[in-house]
Amino acid sequence: VAALLGHGTASDPGSRAALALKVFGSTLVLQALRRYWLTLRHAGLRGLVVSAFSAALRVAIRLPGVRGVVDREVGKELASIERKMHGGGDPAARCRLPEDGMDTSSIVQLVKDMQAKELAASNKFDGKQWGGIYHSPRGPLVELQNAVWGMYNSTNTLYEGVFPSVRKFEAELVSWVLHLVNGDPKVAGGILSSGGTESVLLAALAYRELGRQRGIATPRIIAANTCHPTAIVKACHYFGMELTKVPVTESTGFALTAAAVRPYLTGDVICVYASAPTFPHGVVDCVEDLARLVRGRGIGLHVDNCLGGILLSYLDRQGLTKPHQLWDFRVPGVTSISVDVHKYGNASKGVSVVVFADQELRRLTYVPEGLRGGAVIAQAWATMLHLGDTGYMEHAKAIHNLHERYQEVVARIPGLRVLCPCHACIVPIVSDIYNIYAIASLLEDCGWNLFTGQYPPVLSICIGELHGEILDAFEADLRAAVAVLDKDPGYKPTGAAAVYGSTATTPAVLLEQVVRRYVDLKLSVKAATPE
């Protein structure tokens, strides 16, 4: 190295110091060049330009004159959302604790009144309001959940010696899920979490730690652009990892393939993130092919089964889905799977499980855990115990039948079509004629709140138990929306659909401002102004 830098033998102390300084500087330059090369490899030239533009825009919007303009424009975007969320203000708002506490009967009545208003608004739309609740909010199952929750309301998972039944519930839930995804209980293990996002966070933490053990300072995860819109993004942000999103196309049925991933397998990649099924389209990624690609390279393969958790396992057992590759631990090379119990497992929010093919990988996620109440764990255990294999088989069959019937509705309406063969729970609707965001806006006016996506523009419906009661209403409202656009092709979408439709052309930096201010609105109390 000394000869390379022109220092000969570098025998005197001054020369050695200069040499060390040059080596240090050269190392920093090489590391910087490697980072830029990796960025170019993963983002491409367009990605570098966008990144540079975003960095410049972040600086620009902090300038006094520009910041005022941005604040005004963001305020305009959020004004309608604020009106819908807060109205003219809450006449019963309480910004501070009352001096004297309320008696229990008054509080119960207060809560009943608030819930009655919510139920009245929901009933007005005949159950069209999708609130992420996958099972009926009424009936014997809910009564069981309420009863068990009440029994375990005052418990603490930190004290397994005091509450051994809670520890039992947690361990058995993990074991049940592990068997559902065909894990080997002798070597595999799992962790119970509060939801899909935490399950993904825990998996990402394990891969981050694994990468650092191998000397990778900033490990990278590769995912499709059809992955869950926030979970893995949040995980990489929290844990200082890089995320490469690979575009998928109609030619592969919008599934992530090994061919799409292969060009991005650089030395810093520690995990490939697949979905079973994808959030916007209900498609199972090509997990077997991905596993063959990464298995010999020491790269992990995480499967996000949060959306289709439990449901997809029972659909596959009965051969009910359209053909797709295996996705669980039957595939050598799958190293972790996240499975939500509070979606198609029919438990109350929030219970999820992340399972690892190897307990050594699971141990990399172990951190000091804070306390949790045992009630949510107990009701999830009671839910799964109540339904059993037979109950889940029947439930999966019912959801599958609804899934097929909603696709038939879309196929009957000229100008609309189902985007691609969808394997479970999601019906992705597109149009080659109509503005799909305008369709979403008109359905929103009828009481529906459905998912929309981009690349391509898509309107998606996630099938739950209650959708069996509103199938005819969905077809009628969908036909009516198409009729409106036939008469008025220039109809402009409004509401959430309009906001989402505009995000494709809005710089990410400005979207961040809108989202941050939206969270501000959610966490604010707006009291009604006295007349």
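In this predicted model, helix 5 is followed by Asn182, whose phi is positive, near 65°. Helix 5 itself covers residues 164-180. At 1.5 Å a residue, its 17 residues should span 24 Å. The C-alpha atoms at its ends lie 25 Å apart, which agrees. Eight names make up the buried set of helix 5: Val166, Phe169, Glu170, Leu173, Val174, Val177, Leu178 and Leu180. These residues cover an arc of only 170° around the axis, which puts them on the same side of helix 5. An α-helix has 3.6 residues a turn, so residues three or four places apart point the same way. The buried residues of helix 5 pack against strand 1, strand 6 and strand 7. They also pack against helix 10 (311-317) and helix 12 (375-412).

Strand 7 is a packing partner of helix 5. Five of the five residues of this strand (352-356) are buried, so strand 7 is largely enclosed by the rest of the structure. Both of its faces are covered. Ser352, Val354 and Phe356 are buried on one side, and Val353 and Val355 on the other. In a regular strand the side chains alternate between the two faces of the sheet. Strand 7 pairs with strand 1 (residues 189-193), running antiparallel, through five bridges. Here Leu192 has Val353 as its bridge partner. Strand 7 also pairs with strand 6 (residues 336-340), again antiparallel and over five bridges.

Ala375 belongs to helix 12. Its relative accessibility is 5%, so Ala375 counts as buried. Ala375 and Val166 are 209 residues apart in sequence, yet their C-alpha atoms are 8.4 Å apart in space. Leaving aside residues up to four places away in sequence, Ala375 touches Trp149, Tyr152, Asn153 and Thr155.

Some backbone features call for separate mention. Most residues other than glycine have a negative phi, and most peptide bonds are trans. The loop between strand 6 and strand 7 holds Asn346 and Gly350. Asn346 has a positive phi, near 70°. At 3% relative accessibility, Asn346 counts as buried. The peptide bond from Lys349 to Gly350 is cis, with omega near -5°. A cis bond also joins Tyr455 to Pro456, with omega near 5°. Pro456 sits in the loop between strand 10 (451-453) and strand 11 (458-462). Phe254 has a positive phi, near 60°. This residue lies in the loop between strand 3 (242-246) and helix 8 (258-261). Its relative accessibility is 4%, so Phe254 counts as buried.

Key
Residues numbered from 1 in each chain as written. Predicted model: local features only at pLDDT ≥ 70, side-chain atom pairs only at ≥ 80, totals over all residues. Heavy atoms only, no water. Buried < 20%, exposed > 50% of the residue type's maximum accessible area, 1.4 Å probe, protein only. Helix = DSSP H or I, 4+ residues; strand = E, 2+ residues; numbered from the N terminus. Pairing = 2+ DSSP bridges. Expected span 1.5 Å × (residues − 1). Arc of directions from axis to C-beta. Contact = heavy atoms within 4.5 Å.
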